[in-house]
Amino acid sequence: MDNDVSAGSSTTAIAGRLALGVTLLAFGLGYTDLIDGVTAADAVSIAHYVGGVALFLAGLLALRDRDAAAGTACTVLGAFWFTWAVSAGASVSDNAAGLFLLLFALVALSLTLAGGDQLGQAAYGLFCVGLVLMAVARFAGSDGLTKAGGWFAVAAGAVAWYAATAALAHWPTTISRRAARPGVTAAG
């Protein structure tokens, strides 16, 4: 394994990934019913301040440092979390809530397809799937799909957390081609 920490290793990108990871974990766990008495409504404060304000601020700092990828991801996702948090509990139709989730799933898809490091793409891709499942769940009224979407959000949060922690601790963030193909030597 390589200790490739160059991608997404700026201070603002790391802070953004930590904020995203914590927010996704809280949000996702709230929808999974894994912890008794913990619901998505319990994630509103984390989503508002950590996912919304802190992530958006990290994005602005990344843009100031000319890190367009981290800046774009953090500001757009910060706007998503802020909007989700301030509108939580508001009386909106299931179709309106589903549309909101679907629109931000498109944002997550754009971030996934934009390239970058493998862990970032994995986190955004998992989040995209989670948002699509939750959107369809709102359109169809399916608690099972909502729970499945929550698990994808948990997985995305774990990947985002690992990406940030790996950059700080200099842990592996990519699999080298040699490690990915067992039996291949440096000369082979």
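The legends below accompany several close-up views of this predicted model. Residues are numbered from 1 along each chain as its sequence is written, and side-chain values use heavy atoms, with hydrogens and water left out. As the model is predicted, local features need pLDDT of at least 70 and side-chain atom pairs count only at pLDDT 80 or more, while totals for chains, interfaces and linings use all residues.

View 1. Welcome to the overall fold: the protein has 7 helices and 0 strands, running α-α-α-α-α-α-α from the N terminus on. Helices (H or I, at least four residues) and strands (E, at least two) are DSSP runs, numbered from the N terminus. Of the 188 residues, 40% count as buried, where buried means under 20% relative accessible area, exposed over 50%, and partly exposed in between (1.4 Å probe, protein chains only). The accessible surface comes to about 9500 Å², and 65% of that belongs to carbon and sulfur atoms; areas come from the Shrake-Rupley method with a 1.4 Å probe, and for residues only the protein chains shown count as cover. Among contacts (heavy atoms within 4.5 Å) between residues at least 6 apart in sequence, 70% join residues at least 24 apart.

**View 2. The largest pocket.** Here you can look into a space of about 380 Å³. On a 1 Å grid over the protein atoms alone, a pocket is an open set of points where a 1.4 Å probe fits, with protein on both sides within 12 Å along at least five of seven lines; lining residues have an atom within 4 Å of a point. Grid points are joined across faces, edges and corners, and a volume is the space filled by probe spheres set on the points. The lining has 16 residues, with Trp84, Ser87, Ala88, Ala97 and Arg138 nearest the centre. Both α3 (68-87) and α4 (94-113) supply at least two lining residues, and α4 gives the most, with 4. By type, the lining divides into 12 nonpolar, 3 polar and 1 charged. Ala, Val, Leu, Ile, Met, Phe, Trp, Tyr, Cys and Pro count as nonpolar, Asp, Glu, Lys and Arg as charged, and the others, Gly among them, as polar.

**View 3. The second largest pocket.** This pocket has a volume of about 320 Å³. Its lining holds 22 residues, and Arg17, Ala69, Ala70, Ala73 and Tyr124 lie nearest its centre. The elements that give two or more residues to this lining are α1 (11-32), α3 and α5 (118-140). The largest share, 7 residues, comes from α3. The lining divides into 13 nonpolar, 6 polar and 3 charged residues.

**View 4. Helix α5 and the glycine after it.** Follow α5 along its 23 residues: the helix reaches 33 Å from its first C-alpha to its last, close to the 33 Å expected at 1.5 Å a residue. That expected span is 1.5 Å times one less than the number of residues. Just after α5, Gly141 takes a positive phi of about 70 degrees.

View 5. Thr146 lies in α6 (residues 143-169) and counts as buried because its relative accessibility is 17%. Leaving aside neighbours within four places in sequence, Thr146 is in contact with Tyr31, Met134 and Ala137. The C-alpha atoms of Thr146 and Thr32 are separated by 7.9 Å, although the two residues are 114 apart along the chain. Thr165 also lies in α6 and is buried, with a relative accessible area of 15%. Beyond its neighbours within four places in sequence, Thr165 is in contact with Leu18 and Trp171.
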